[in-house]
Amino acid sequence: KHEIIHTGKKPFKCKICQKEFTRPYILKSHEIIHTGKKPFKCKICPKEFYLSSKLKYHEIIHTGKKRFKCEICQKEFTYSSSFKRHEVKHTGKKLFKCKICQKEFTHSSSLKNHEIIHTGKKPYKCKICQKEYTYPSSFRRHEVKHTGKKPIKCKICQKEFTQTSYLKSHEILHTGIKPFKCKICQKEYTYPSSFKRHEVKHTGKSYLNAKFVRKNSLSYLI
C-alpha cells in the first residue's frame with residue numbers, strides 16, 4: 001500500500017470535483033467538504049470544521065502558545081507551517097513555477113491552488129443561485145450571503161460579521177488609534193484606504209508609492 005505513493009498514482013477520484021487521492025480514507029475525508037456539514041465545533045469560538053483533526057489544529061490558537069520563532073525578525077508563530085511560509089519572505093525565493101503561465105510561488109501549496117485556475121473547473125455550485133466557484137473558501141463566503149448568518153461577533157459592541165477578517169478590521173475602531181495623518185490638513189484616519197482616498201482631494205493623485213510598516217496588527221505610514 002505504501003508503494004503507491006512512489007508510483008505517483010492516485011486511483012481514488014472524487015465524483016464531484018474530480019480531485020484524485022492515493023488512499024480511500026483520504027477521499028472519504030475530502031467528500032465531507034461537498035456535503036457542507038461541519039460536525040466538529042470549537043467550544044471556545046463559533047468556528048466549525050469538517051474534520052476532528054482540523055478542530056484540534058484550530059484549538060491550538062486558543063492556548064496562546066507560539067512555539068516557532070524567526071531568528072531574523074523574532075516574530076513568533078503558532079504553527080510550523082506558518083513559520084515556514086514566513087521564513088521564505090526573508091529569502092525572497094520562489095521555487096515553485098507554474099508550467100502553463102510561468103508564475104512563481106514561494107510554496108507548493110500556493111502553486112497547486114493556482115493551477116486549478118487553468119483547468120477552468122468550478123466544482124462548487126450554489127444551490128440557490130447556481131453561481132459556480134473554483135475554490136471552496138470562495139464558495140463558503142458566498143453561501144453566507146444567502147443565509148444571512150453572521151456568526152462572528154465583536155466582544156465590545158456586539159456587532160456581527162460574516163467573516164473573521166471583517167471583525168479584525170472592525171476591532172481597530174475600538175482602539176481609538178488613527179495612525180494615518182494627512183500632512184496637509186492634519187486629519188487622521190484609522191485605515192490606510194480612507195487615508196488614501198482623502199489624500200486624492202489635496203493632490204489629485206493616489207498615494208501609490210506609500211510605504212507602510214506593521215505594528216500591533218496595524219499598518220503605519222513611514
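Predicted model: local features only at pLDDT ≥ 70, side-chain atom pairs only at ≥ 80, totals over all residues.
View 1. Over residues 40-67 the chain is 43% helix and 14% strand, with the C-alpha atoms at the ends lying 25 Å apart. Over residues 68-95 the chain is 43% helix and 14% strand, and here the end C-alpha atoms are 23 Å apart.

**View 2. K54 in helix α3.** The helix that holds K54 runs over residues 52-63, and K54 counts as partly exposed because its relative accessibility is 48%, a value between the limits of 20% for buried and 50% for exposed. Although K54 and F40 are separated by 14 residues in sequence, their C-alpha atoms are 8.6 Å apart in space.

**View 3. A positive surface patch that includes K89.** The patch is formed by K66, K75, R85 and K89. Of its members, K89 belongs to helix α4, which spans residues 80-91, and K89 counts as exposed because its relative accessibility reaches 68%, where the cut-off for exposed is over 50%.

**View 4. The salt bridge between K13 and E20.** A search of the whole structure finds three salt bridges, one of which joins K13 to E20, with 3.7 Å between the closest N and O atoms. K13 is partly exposed at 42% relative accessibility, and E20 is likewise partly exposed, at 35%.

**View 5. The salt bridge between E104 and K97.** In this pair the closest N and O atoms of E104 and K97 are 3.7 Å apart. The relative accessible area of E104 is 38%, so E104 counts as partly exposed, while K97, with a relative accessible area of 43%, is partly exposed as well.

**View 6. The salt bridge between K153 and E160.** The contact shown here links K153 with E160, and the closest N and O atoms are 3.8 Å apart.

Conventions:
Residues numbered from 1 in each chain as written. Heavy atoms only, no water. Patch = residues over 30% accessible without salt bridge, like charges linked within 9 Å, V, L, I, M, F, W, Y side chains within 5 Å. Areas by Shrake-Rupley, 256 points an atom, 1.4 Å probe, with all protein chains shown as cover. Salt bridge = Lys/Arg side-chain N within 4 Å of Asp/Glu carboxyl O. Lys, Arg positive; Asp, Glu negative; His and termini not counted. Charge placed at Lys NZ, Arg CZ, Asp CG, Glu CD. Helix = DSSP H or I, 4+ residues; strand = E, 2+ residues; numbered from the N terminus. Buried < 20%, exposed > 50% of the residue type's maximum accessible area, 1.4 Å probe, protein only.
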